[in-house]
Amino acid sequence: MGIPNDDVVLIQLPKDPSEPTIVTVNCPDKPGLGCDICRTLLEFGLSITRADFSTDGRWCYMVFWLVPNVSNSCEIDWESLKNRLVSMCPSCLVPFFSFNYQQGGDGNGSTTHPLIYLLKLCCLDRKGLLHDVTRILSELQFTIQRVKVMTTPDERVMYLVFITDGMELLHTKERRDDTREHLISVLKNYCISCELQLAGPEYENLKALPSLPPAVAEELFTYELAGKEASSKELKSDMMTLKKATVTVDNLLSPAHTLLQIQCVDQKGLFYDILRTSKDFDFQIAYGRFSSNAKSYRSLDLFIRQANGNKIVDPKHLNALCSRLQEEMLQPFRVIVVNRGPDTELLVANPVESSGKGRPRVFYDVTLALKMLGICIFLAEIGRHSTCDRQWEVYRFLLDDSHEFPLTSCRARNQLVDKVRRTLMGW
């Protein structure tokens, strides 16, 4: 059964372009639905300026006020967004997409994953080319799962890009042909060859990154709330506001729920990060309000409970939850620059959801920041790295030095880290 698709997701476009678009989702609830919806909004290049969220464990009602991300240059396809959101809700009568899946496992039994395709692209090198390819794929609603970029001595670049299709149509010849034709038409004379096929065993070989040196791994993944949360020595003074994040717990106001009151600086994907944490910690948000106040700060009131319906009263559980929330607000990304032999390497890491999904558009934003700085990328790759308690998606970029941006300079490196952080956070 279910309710009509048109009533599950409503999108109200503004009369004035300066006003936000309002998206309403009204459907039966399921674990992690809010996180999945926020992830999709982020994937489409949208920022949540305000949100109201309520559920009784059976039915869920969410309202989002949305504007395009500062870094997003792609036109929003609202019809496709609506179809994607409807397909995620358990209430639709008939799924919009005819999904094509391959079987896989996660160690906890059988599960399904979207089919993964390999795009092989050979191009003449130029500054900003990798971001331009990434932008084209984003416009076509592809998600980059893994990438291997290699520059040859004759100034050619080979891209091996593993993608999934948000429209789930790459199994059709028409979609594959349209993708190739679009890439060739946009890249013009820089494109030498373009192939698209179903991925084979080579995808599994790229999942694990080469081992990070212990000192680099410690710097990248160690989190200390007292001092390292914002890598202050690498940031400009106005980014020190990241240190101003508070999480207050109230177990007296409501007889049935624990109240979390959160205040922090505004940043891209903030509501997604908080809902991802709730999903990872397996607690339910019965009611939530996400709003802005003075000086670009965000205030969140969340009435939460455990999956069994009880309040959260265990001090250890509450402390772990508050610590993780502060970590997500203070350092949602880890960004460092290190030496890789004689070369300079940029490393960016962010936590992976418990479901195994990585954060959307990180590769898009990092390559945009490098393009804006005029830095050429010699090699790029995406992989996973596991620490004692979490899995991370790690982006590695081997960078070309230049007279315009000498990466041997400490000042230039700090500028690079600052620019990447700002782009990722939507500042």
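Start with the whole protein and show its surface. The accessible surface comes to about 19700 Å², and 52% of that belongs to carbon and sulfur atoms. Keep in mind that this is a predicted model.

Switch to a cartoon view. The protein has 11 helices and 18 strands. Now think about the inside. Of the 427 residues, 52% count as buried. Look at how the chain meets itself, too. Take contacts between residues at least 6 apart in sequence: 68% of them join residues at least 24 apart.

**Stop one: a surface patch**

Select Leu-124, Tyr-190 and Ile-192. These residues form a nonpolar patch on the surface. Together they have about 240 Å² of accessible area.

Zoom in on Leu-124. Which strand holds Leu-124? Strand S7, which covers residues 117-124. Leu-124 has a relative accessible area of 34%, so it is partly exposed; that class lies between the 20% limit for buried and the 50% limit for exposed.

**Stop two: a buried glutamate**

Next, select Glu-328. Find it in helix H9, residues 315-330. Is Glu-328 buried or exposed? Glu-328 counts as buried because its relative accessibility is 3%, and buried means under 20%.

What is Glu-328 in contact with, leaving aside its neighbours within four places in sequence? Select Gln-267, Asp-273, Arg-276, Thr-277, Pro-351 and Arg-390 to show these contacts.

Finish with one pair from this group. Pick the C-alpha atoms of Glu-328 and Asp-273. Along the chain, these two residues are 55 residues apart.

How values were computed
Residues are numbered from 1 along each chain as its sequence is written. This is a predicted model: local features need pLDDT of at least 70, side-chain atom pairs count only at pLDDT 80 or more; totals for chains, interfaces and linings use all residues. Side-chain values use heavy atoms; hydrogens and water are left out. Patches are made of residues with over 30% relative accessible area and no salt bridge: like charges are joined within 9 Å, nonpolar side chains (Val, Leu, Ile, Met, Phe, Trp, Tyr) within 5 Å. Accessible areas come from the Shrake-Rupley method with a 1.4 Å probe; for residues, only the protein chains shown count as cover. A salt bridge is a side-chain nitrogen of Lys or Arg within 4 Å of a carboxyl oxygen of Asp or Glu. Helices (H or I, at least four residues) and strands (E, at least two) are DSSP runs, numbered from the N terminus. Buried means under 20% relative accessible area, exposed over 50%, partly exposed in between (1.4 Å probe, protein chains only). Contact means heavy atoms within 4.5 Å.
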